[in-house]
Amino acid sequence: MAEPVERPSIRPSNLWDRLKDPKNRTRLIGSGSRQFVAGSVVLGLLVATGAVVAAGPWDSGQRKAERDRVVARDHTGGAHHQPRTPAGPKAAPSAPAVLTALGGTVTRTAPQDAAGLTAALEPLLNGPALGTRSTGVVIDTATGQQLYGQGAGAPMTPASTVKIATTVAALRALGPDHRIATTVRASADARTVTLVGGGDPTLDKAALRRLADEAADTLREREVSTVKLTYDTSRYTGPPLHPIGPNENIAPVSALMIDEGRLDGSAYGPAPRTADPAGDAARVFARLLDDAGIATEAAPAHHRAPATSRTVATHRSKPLSALVERALTNSDNDIAEALVRETALATGEPADFEGGRRAVTAQLKKLGVPTAGANLADGSGLDRDDRVTAGLLAGLLAHAADPRHPELRSVLTGLPVAGFSGTLRGRYTETSPGTGLVRAKTGTLTGVNALAGTVVDTRGRLLAFAFLATGTTSPYEAQSALDTLATALVDGSR
């Protein structure tokens, strides 16, 4: 699902306020060269975090935070996040406060070798809160070295962390500047107008209005005031319904929709969905054409645009990098499924679930990450047939941090920031050592919990990690355990 989220508060955290004080920045940087380097790295990350929260992937500047939501224990379809725990996650054993560590008063340092990290993580990963099976991998992104691994190659159900694979594949196939086009085409005599879906789930009424106005200008030039309106969804093939069936977590997958098929005016999270997203979009467009002075003869009909028609209006989505950020920050299922189909079309595959699976897998193989055992049945993670390994997810994040792959940068910038944004805002408190330093994609299905992302440790290293668990019985406890694991990477000493 688009994991339950809520709007962030205007003031993300008092931690950010303290950083704005010049005296605190002086203490943060310190006088020694090592403290200066580490302080600069983390200060830069926190400043960037503040910018992300302020600007967001959209012009509205609204980063979404986790909504309190209770999901019944016998719920079997879709993904869900439980309400935040009142006190947030427990701090990892012996993890100091971030600013104290950087100020130079703490002498402990993060372990240099795999043995030290294993000693810190293994008891946490094998705790009862993480169910019957848990796996994990940690990679130093600067060197590519795997610092820790337990079940690194074991296929696991990823839930929404599969969106990391989805977005990496889309960026590789299409590039971060790609935009999805929705067009209006007119027949040779301009008497028939067709609204052609391009696969943009973020299309909204304002965009449709601009399309209607642009098309109306051209039609008036042709002295046409009444048209037959049709709509074309042929860009996508295959069944429109996700295997989980009708669900508040995802609309029918269509090349034409507005507002992700939501019926309640929401922009994120679970919502009632239309059963006919394309028809709804076409009917809205008909009313907007009428407002622009072009009448329609009858209700819009589902029909492919004639080959002889020509484009009279075009709307392009925000760049793919922005769509990726929104998909990851809000765990947006509709965008994720659209990105899979865009990847399929860009690589010559059919724009359906099976074509998407082949296309995404092929892109990951080209990147050189371990894909053995992977089954990318969908792009959102709602399908329980999805399988990935911790090694695959951590490897993808390490590649996204590699300067040789700047096209993947939005995979990192889209990750929710602990205590600040998206599905991690409510899972870390102001005093949690991981707040502001952990950025990670959450994943939750009934009995499945996952967390994969990056963290800056006290030595200034950027670490990529993935922790996957199945057979969990309490989502509260599992999420807290995963957050404690990520926090342990800030200072892995015991």
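## Packing of α6 with α11

Helix α6 and helix α11 (residues 353–367) of this predicted model pack at an angle of about 75°, with their axes 9 Å apart. Helices (H or I, at least four residues) and strands (E, at least two) are DSSP runs numbered from the N terminus. Axes are lines fitted to C-alpha atoms, for helices over the stretch in contact, and angles run from 0 to 180 degrees between N-to-C directions. α6 and α11 are therefore roughly perpendicular to each other; angles of 65 to 115 degrees count as such, under 35 as roughly parallel, over 145 as roughly antiparallel and the rest as oblique.

On the α6 side, A165, V168, A169, R172 and A173 make the contact, and on the α11 side V360, Q363, L364, K366 and L367. Contact means heavy atoms within 4.5 Å. The residues of this contact divide into 7 nonpolar, 1 polar and 2 charged. Ala, Val, Leu, Ile, Met, Phe, Trp, Tyr, Cys and Pro count as nonpolar, Asp, Glu, Lys and Arg as charged, and the others, Gly among them, as polar.

## Basis of the description

Residues are numbered from 1 along each chain as its sequence is written, and side-chain values use heavy atoms, with hydrogens and water left out. Local features need pLDDT of at least 70 and side-chain atom pairs count only at pLDDT 80 or more, whereas totals for chains, interfaces and linings use all residues.

## Packing of α6 with α10

α6 also packs with α10, at an angle of about 40° and with the axes 9 Å apart. The two helices are therefore oblique to each other.

From α6, K163, T166, T167, A169, A170, A173 and L174 meet N333, A336, L339, V340, E342, T343 and A346 of α10. By class, this contact has 8 nonpolar, 4 polar and 2 charged residues.

## The covered helix α9

Helix α9 (residues 320–329) is mostly covered, with 9 of its 10 residues buried. Buried means under 20% relative accessible area, exposed over 50%, and partly exposed in between (1.4 Å probe, protein chains only). Among the elements that cover the buried residues of α9 are α6 (163–174), α10 (333–346), α13 (409–413) and β9 (438–445). Just after α9, S331 takes a positive phi of about 50°.

## Packing of α7 with α8

Helix α7 (residues 205–221) and helix α8 (residues 277–291) pack at an angle of about 50°, their axes being 9 Å apart. That makes α7 oblique to α8. The crossing of α7 and α8 is right-handed. K205, L208, R209, L211 and A212 of α7 make the contact with A281, V284, F285, L288, L289 and D291 of α8.

## Nonpolar cores and the whole chain

A nonpolar core is a set of buried Ala, Val, Leu, Ile, Met, Phe, Trp, Tyr and Cys residues joined through side-chain atoms within 4.5 Å. The largest one has 43 residues, of which L364, L396, L397 and V411 touch the most other members. Its largest share, 8 residues, comes from helix α12 (residues 390–400). A second, separate core of 31 residues includes A190, Y231, A281 and A313.

The chain holds 14 helices and 11 strands. Of its 494 residues, 59% count as buried.

Technical notes. A crossing is left-handed if the near helix is turned anticlockwise from the far one by less than a right angle, and right-handed if clockwise.
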